[in-house]
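Hello,

Here is the structure I promised to pass on. Please have a look before you read my notes below.

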Amino acid sequence: MPRPGRSGAYEDPAAALGAAADLLAVLHARGQDGVAPAVSPSQLRALIAVEGAEGVNLRTLGEVLGSRPPSVTRLCDRLEAMGLLTRSPHPSRRREVEVRLTPQGRALLDERRAIRVRELSAVLARMAPEAVDALVAGLEAFREAAAGPYPGAGPIADAGPPAAPAPVPDSA
């Protein structure tokens, strides 16, 4: 909903955020072609979810991903075949299966994060320091609001700890 008194191309903050999210998706995709093995967005989401909750069971992983059990099993089959995660029986609950990242899975996530930081740093370097500060403050407030009670649903799943801020070169 537009807010009176707002200036700029977007009077609606949600539309501005949506446009920024589209741009972030493009920036995130840059440079990912060379990362091996290639993983789909849903596979990447699963790896990030497992990283955030090592030893998660398949049912809980499905809830986090919003996927049904057969889909989660097939997804894990593919990721395990790629050497990115392992499944093993739970030590005390024999009917449960735990999912964990392999060293190769961790390395893939680290490499993708390094590429993302490089791409975002290039954009942030072209912004005025005050604009970067305002962006960081706004994103922190957005993250806090998203983590709180959400009307009609539970809180939005935490995406993990925020990435380390990229160094921003001086514009002088």
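Buried residues account for 23% of the 172 residues in the protein chain. Keep in mind that this is a predicted model.

The fold first. The protein chain has six helices and three strands. From the N terminus, the order of elements is α-α-β-α-α-β-β-α-α. Take the contacts in the protein chain between residues at least 6 apart in sequence: 50% of them join residues at least 24 apart.

Now the core. The largest nonpolar core holds 21 residues. Leu47, Val50, Leu61, Leu65, Leu79 and Leu85 have the most contacts inside it. At least two residues of this core come from each of α2 (41-52), α3 (58-65), α4 (69-81), β3 (97-101) and α5 (103-124). α2 gives the largest share, five residues.

Leu61 deserves a look. Neighbours within four places in sequence aside, Leu61 contacts Ala46, Ala49, Val50, Val56, Val72 and Cys76.

Then the helix pair. How do α2 and α3 pack? Their angle is about 120°, and their axes lie 10 Å apart. The crossing of α2 and α3 is right-handed. On the α2 side, Arg45, Ala46, Ala49 and Val50 make the contact. By class, the contact of α2 with α3 has six nonpolar residues, one charged residue and no polar ones.

Best wishes

How values were computed: Residues numbered from 1 in each chain as written. Predicted model: local features only at pLDDT ≥ 70, side-chain atom pairs only at ≥ 80, totals over all residues. Heavy atoms only, no water. Core = buried A, V, L, I, M, F, W, Y, C linked by side-chain atoms within 4.5 Å. Buried < 20%, exposed > 50% of the residue type's maximum accessible area, 1.4 Å probe, protein only. Helix = DSSP H or I, 4+ residues; strand = E, 2+ residues; numbered from the N terminus. Contact = heavy atoms within 4.5 Å. Axes fitted to C-alpha atoms, helices over the stretch in contact; angles between N-to-C directions. Left-handed = near helix turned anticlockwise from the far one by under 90°. Nonpolar A, V, L, I, M, F, W, Y, C, P; charged D, E, K, R; others polar.
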